[in-house]
Amino acid sequence: MHRLYNSLEPRVMDEDMLKLAVGEQGPREEAGQLARQEGILFKDVLSLRLDFQNILRIDSLWEFENLTKLQLDNNIIEKIEGLEQLVHLVWLDLSFNNIEAIEGLDTLVNLEDLSLFNNRISKIDSLDALVKLQVLSLGNNQIGNMMNIIYLRRFKDLRTLSLSGNPIAESEDYKMFVCAYLPDLVYLDFHRIDDHMKEMAESKHQYSIDELKHRENLIQSRLEDEQAQQEELEKHKAAFVEHLNGSFLFDSMYTEDVEGNKLAYLPGISELLQAYKDKFVIICLNIFEYGLKQQEKRKLELDTFNECVQEAIQENQEQGKHRIAKFEEKHLLSLNAIRDESELTNFEMKIVEYGKDITELFNVLMTLEMQLVEQLEETINMFERNIIDLVALFIENVQSLMAQCRDLENHHHEKLLEISINTLEKILKGDVDEDLPDDLRPLFVDKDTIFNAVGASHDIHLLKIDNREDELVTRANSWCTHLVDTIHKNEIMRNRRRVKEINQYIDHMQNELDSLECSDVID
Amino acid sequence: MEVLKEKVEEEAATERAEAAERGEKLLRPLDARREEAPMTQEMLRDLEKKLSEIEIVVPEQPLTFTKDSIDISKLPLSYQSNTLKEEHLLQVADNFSRQYSHLCPDRVPLFLHPLNECEVPKFVSTTIRPTLMPYPELYNWDSCAQFVSDFLSMVPLPDPLKPPSHLYSSTTVLKHQKGNCFDFSTLLCSMLIGAGYDAYCINGYGSQDICHMDLTRDVCPLTMKHKEMVQEEEKVPSKKYAIKPPRDLSSRFEQEQEMKKQEEMKGQEEKQRREEEARLLEVEKANIDPLHGLRVHSWVVVLSGKREVPESFFIDPFTARSYSTQDDHFLGIESLWNHKNYWINMQDCWNGCKDLIFDLGDPVRWEYLLLGTDKSHLSLTEEEDDGMNDNDDVENLGKEDEDKSFDMPPSWVEQIEISPEAFETRCPSGKKVIQYKRAKLEKWAPYLNNNGLVCRLTTYEDLECTKTLEIKEWYQNREDMLELKHINKSTGLNIDYFKPGHPQALRAHSYVSMQPEMDRVMEFYETARVDGLVKREETPSSMTEHYRGRSDFLSYRHVDFGPRVKKLALNSAESNPRPVVKITERFSRNPEKPADEDVAERTFLIQEERIQLRYHCRDDHITASKREFLRRTEVDSKGNKIIMTPDMCISFEVEPMEHTKKLLYQYEAMMKLRNEEKLSRHQAWESELEVLEILKLQEEEDDAHTLAISIYDTKRNEKSKEYREAMERVMHEEHLRQVEAQLDYLAPFLAQLPPGNKLTRWQAMCVKEECLSDFKQRLIDKANLIQARFEKETQELQKKQQWYQENQVTLTAEDEDWYLSYCSQAMFRIRILEQRLNRHKEQAPLKYLALEEKLHKDPRLVEFLKVFV
């Protein structure tokens, strides 16, 4: 089955070998002459063939960044490696090698055609990244388990598959199985699958496939749900009010509050707690809704701003383009005129005139740009003021709502304290119900202990509320500053790019003029 | 016939004279009344003179068709007599008329029961025969009116100041395709009521133009340009962050001065224009009609309410135009009627029809003839009205008031029928000419002209219609789908418009001359073309093509041609194309390519061997990359061919990239462009060929005139007609054969026997014998007959020959000719008779045997004969 490669010396993929291959496979004839003159850079090569080279190890390929087709068949490669940089690869041939496992293909997301024919592969896996895979050749390998085929169901574009020469291909049910589990397949083992076959396969394996499909659908829907939830959360986060649409904050206040939880077992507290919770949640919801509304407002503001800025820039660009087009029309004429001009004085006059035109164009373009910069600056400043105001208003209102929360907490604290003291008094008097939980008893020893316990609970609650408020405020503020910074920075970048572009263009024009002058002087 | 015509003319002349006299008589008191200011004798005389001058012009054509031309014998009985109910109605009408003339002695007598074509008086309402036409085109009022005006040719009233004495049925009118305004409106009204409109015939007074169907003072509706919808651009409210415009540094004072100046100019122009208009109007109004307000006319009013008509309007049946009820052309209404009732206008018409209110339920404004048919509702509130009506009905039932409960008898007219041929031909003899103000409209029936012309509108520069301004010709059923030909005489520009379906998908073609390589513009249906060509403009030295929706994003190609290189032998445009000097191609943006690699425009300067490329602009850039290739094949100092040098490609790149600097890249790009240059040149050549082809096709079409015939057109489609006729013939023959097969030879003989009894053998034998002998007799008779004819013919011939020989000397050449032709004919007849006799002799025994055999096999005789045999 394998050739007698042992008798040959394995070769190393070094620069010389690659250069030779590139040179041989490069352009021919006149173009080839040019190519030789200039030399070909590895990164310009799109297709490379390295077959029958006795290569043992794939190496030195990182320079071929833009390679789309690579042939490494008929070598003695044992491991797929060194292909990580070739992300543009569409076509990869590794047939007739000694590869044992599929690996090292995780970066080749553009791969459409993969051939691993005649290797020693026993399991199909590690192909997850190859979402565009259309042709997969795995014939003459050692794949023995039918379940490998189910793995291939994830490739929605897979149309051609070859698996002949594997142990699984010998089983009677092989064809049916493949057709049933890969219904989109068109060619199997280089034969077209006819519709009759497909139907038969489908009816035969219908039961198990249905089950499989059901499972897949379940997973899919769960994934979608999660994604939707995630998105929702992201949206809330953008509004800085995540987890405020429920009792999340309230619950978090009590998670770390040991004393508070214990005190909840006091008689009468549970009703109090319930009322407190309800009120608290209502305020939270208020904050939440208000936050979303404000977020909409901010978004609208930002959109309007972006739209206006874009419009302004577009208009300005149109003007610039118009100017340039006009200039170029003239420029063509004048260039021709200058070329045709034979008299020296006239020639010089025209050159000077042309030079003037260029300067004028430069001035006009720069004026336009400066004008735009001024206009945009004004607009950006206005927007900055507005958005800062908006955020400030938002924070202020949230803070007032948070203050309500705190009031509620204080109120609750007072009530709790009152009940606690009453209970303590009762305990001290001795006429207490026996159904007081055991872990509460230590608290009701004296007044200080109960005071401390209730106080500690209160402090934790206040801390939680404060933390949430601080988080919201800092995030809103930082968002605002970040936004304003980005806008400023973008505008500066834009300005620089434009100025550079104008300069480049004018330089080019000037150069052309100069070269004309020079050529004339030489003549 | 000639005598008859003269008589008609005489009659017409006398009538005309009478009419003129009457007109003058009527006019004088009227004038006297109108002009109360003292009038000098001279002026009066002058006026008279003028009037007499005018009146000569009035009716020139022979008047209405006379009775002689109508064949009344074929008309049904209802046309020739009145039923009892009709008689009753006429009595009622007479009574009504008497009362009316008594109450309103100063008004003209009513137009109630003119005579019909059979000289029978018929009430006008019964002449209206509501009919819904079977043609879907005639379901709406505008098409109905257009049909009536096209179908009938107009005959002026015998007396322009009086309603006609006769009102013919629509049957007769349609048959003769002509009629006066009353005939027109009666027919139109019948059709409209049939189609569900609330339509009425009106007897009233119209302007001269209306009464004479004179449209020369009207602008042709086809020449009127559609008023362009002025789209007011909605001012987008400036957004919150819209940038402020740069400060305007120009002087406001100067602007104001400029504005003022312009306004002045405009004002002056406006003034001039108005003066011009006023002058024209004066010229037009110069000749005032002396009979203004007295000319009787009949037209149709369609009242609002039915068929979703929102507002009442008039239709002039002559021109098929609709007018508002306030129009100046309609000067008064005497009465109106539909198929159910008759109303008299009691409102004052001093201001034309402008103040009339068409509420027929109002007995003060409209006096009705019959009560209780319909329209008895005055515009009161509905419920009250209903209640009152109910009460009235109950009371009326009790009283049995004859007059009030009298119903209009059904129409005496046959249902209106228009044959499909007549419907298609429309105008009498298929042609109609209408003269408008500065325009002439000619219409033809489809397939009448063999080049498919159906309509021609000629517009003139002047009122006298001498200088042609432009001609528009509409075509139908052309094989090349030509729809409209627009010829502008002043510029010489022709524009042809085509419907979809031209072999080259041509949409419009404007040209001055049909010669190739001249100025022309062709527009195409780009969706029907593979290459997406929208428009091709040509001048003598260039060709510009516009494309849309191509997969290679080509949107524009401009080709400049140089002067043709002279060749001696071959000179046709096909074999010697003009040399291409320059090709410019523009491409729209291909979103799949980066802007720096997407060519926006490329120019091949072929003689300079220069190729210029301009790329698309990036989204946020204002400059675009450019590249220019100079192709020079030179040889360096060592004699090697230089393939590519850096100065052969001058490029400007917005963002310089490394790989584009390489010579290899440039070389490849250049090679590719050279190929594309070849392709573009080929394309240009093909385009030229296509133009030639289109021109050739158009010429052929103009010469050949084949008209497309729809496969559903059973009359014109020759093929299907032949097929159908063949089928019919086959069917007919089949039928004959069947009849023959069923012919019972024995029937007359069996009938002699007593019926019901079974045949005895003896009887059967008798029957058979009788039948055979009878047949034998017939064969002999036939032979004798042929013989007799033969003998007669020969005798006659002999006689003639004898006569000829006797008179041979005195015969004229003519007589001799006649004799010779007679002889040859007679000989022919004799020979035929001889042949027939011979054949009969041959066939008679065979026929006899055949009958005998048939009788043997006859089921009724077979059992008796079998035994016998």
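How many salt bridges are there between chain B and chain A?

A: The count between chain B and chain A is two salt bridges. Before we go further, keep in mind that this is a predicted model, so everything here is computed from predicted atoms.

Let's look at one of those bridges up close. The side chain of A:R497 meets the side chain of B:D620 in a salt bridge, at 3.5 Å from N to O. The cut-off for calling something a salt bridge is 4 Å, from a side-chain nitrogen of Lys or Arg to a carboxyl oxygen of Asp or Glu, so this pair makes the list.

Now, which parts of chain B do the touching? The elements that give two or more residues to its side of the contact with chain A are β23 (610-617), β25 (649-652) and α13 (663-704) of chain B. Of these, β23(B) gives the most, with four residues. If you sort the residues on that side of chain B by type, you get 16 nonpolar, five polar and 12 charged.

Step back and take in the whole contact. Chain B puts in 33 residues, and chain A puts in 46 residues. Between them the two chains bury about 3,400 Å², with 57% of that on carbon and sulfur atoms. On the chain B side, B:Y241, B:I243 and B:I622 lose the most area to chain A, together 26% of what that side buries.

Next, let's follow chain A away from the contact. Chain A has 10 helices and 10 strands. Buried residues make up 42% of its 523 residues. Among the contacts in chain A with a separation of 6 or more, 58% are between residues 24 or more positions apart.

A search of the whole structure finds 33 aromatic pairs over all chains, and one of them is A:F177 with A:Y181, a tilted pair at 4.4 Å centre to centre and 35 degrees between the planes. Where do the two sit relative to each other? A:F177 and A:Y181 are four residues apart in helix α4 (residues 174-181) of chain A, so about one helical turn separates them. A:F177 counts as buried at 7% relative accessibility, and A:Y181 counts as buried at 6%. Chain B has rings to look at too: ring pairs link B:W299, B:F314, B:Y323, B:F330, B:F358 and B:W366 into a cluster.

A:L70 is buried, with a relative accessible area of 0%. Leaving out residues up to four places away in sequence, A:L70 touches A:L48, A:L61, A:L83, A:L86, A:L89, A:W91, A:L92 and A:D93.

Another one to click on is A:N316, in helix α8 (residues 269-340) of chain A. A:N316 counts as buried, at 8% relative accessibility. Again leaving out residues up to four places away in sequence, A:N316 touches A:L368, A:E369, A:L372 and A:R498.

Most residues other than glycine have a negative phi. A:F96, though, has a positive phi, near 55 degrees. A:F96 lies in the loop between β5 (91-93) and β6 (113-115) of chain A and is partly exposed, with a relative accessible area of 31%. Over in chain B, the phi of B:R438 is positive as well, near 55 degrees. B:R438 sits in the loop between β10 (431-436) and β11 (439-444) of chain B, and is partly exposed with a relative accessible area of 27%.

Conventions
Residues numbered from 1 in each chain as written. Chains lettered and ligands numbered in written order. Predicted model: local features only at pLDDT ≥ 70, side-chain atom pairs only at ≥ 80, totals over all residues. Heavy atoms only, no water. Contact = heavy atoms within 4.5 Å. Buried area = accessible area lost by both parts, 1.4 Å probe. Nonpolar A, V, L, I, M, F, W, Y, C, P; charged D, E, K, R; others polar. Phe/Tyr/Trp six-rings, centres within 6.5 Å; stacked < 30°, edge-to-face > 60°. Buried < 20%, exposed > 50% of the residue type's maximum accessible area, 1.4 Å probe, protein only.
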